[in-house]
Amino acid sequence: MSTQNSVTHEQQALSEFELSPPLNSRGINTKQAVEKEWSIEILKGELNGHTQLVISIQGHIEQTPSYHKYADFMSSRSPKAKKIELELMNRAGLSRSGFTQIQSYIERLRDEGTYKEVEDIACLLASEDVQESINVTISGAQAEMYFDLLVEHIEENIELFPKRIIDVDTDPQQGYIENISQGVYIADEKGIKKYGCESIAIMPKYLREVFDITHTNTLGAILEYWVRKGYLYLDESSVDLRKDKPVKLRRGIPTKRAYVLTSPRLKREGE
């Protein structure tokens, strides 16, 4: 009996060993996941006579990187780290676990001694301060102009925003099509109940392409205005204050982050 139990335990241990990925493969998976979305470097230079490390991070859909002190970025509890995380969430659709993955990736770069030497580290940190303050206020006329631009884009490319179908299986060429559609038109009962009206969901990278905005805070100011005017859905009672929300685009695929536009101007006749 004891021999049989011993064999069973050995088989169980072997099975668990086979199912558990080795630690180095987890590191490889993290590296691949991060590099798919971001370009990240650790910059090394001198500031006030001391060595200073700075994180350079740029989403692949962005035109310019942002810069952050290593200590601010890597601290697990500081308000600055939380602020950086929220900033990245609103830039390239950072997931809830994405920031932890990025921190692990950066830690690995440091362990490997992968640095880029730079001369003027103070200039980079100064640009960080500028990025935090530049264009943080935007006039109502400017925000309306951007909304007009987006409405025009949607109306001229209506085929890129097909009607959402989530209750039944459909032909793969009907409804949302991966890597072709930029979002969906939401006119189903569930969507109207959740968002309060018929609406358009557009994924962040396509909205950025329409606007061609390089400064994150400029986009943030525009979106804030849209929320106040009722153009953009935001449930302020939710713990998730990101303005791009998880949206079901079609049956059978995972939700994707998208901005949900709720202006009556986007209502389609006959839909």
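1. Two strands pair if DSSP finds at least two bridges between them. Helices (H or I, at least four residues) and strands (E, at least two) are DSSP runs, numbered from the N terminus. In strand β2, the bridge partner of serine 39 is glutamine 58. Strand β1 (residues 38-47) and strand β2 (residues 50-59) run antiparallel and are joined by 10 bridges.

2. This is a predicted model, in which local features need pLDDT of at least 70, side-chain atom pairs count only at pLDDT 80 or more, and totals for chains, interfaces and linings use all residues. Residues are numbered from 1 along each chain as its sequence is written, and side-chain values use heavy atoms, with hydrogens and water left out.

3. The chain has a mean pLDDT (the predictor's confidence in each residue, from 0 to 100) of 79, and 78% of its residues reach 70 or more. Over residues 1-25, pLDDT stays under 50, and the model has one contact (heavy atoms within 4.5 Å) beyond four places in sequence for them. Where pLDDT is low, the predicted coordinates should not be read in detail.

4. The order β3-β2-β1-β4 describes an open sheet of four strands with mixed pairing. Strands β3 (66-69) and β4 (116-117) stand at its edges, each with a single partner strand, so one side of each is left without a neighbour in the sheet.

5. Three bridges join β8 to β6 in the antiparallel sense, and isoleucine 200 stands opposite leucine 261 in β8.
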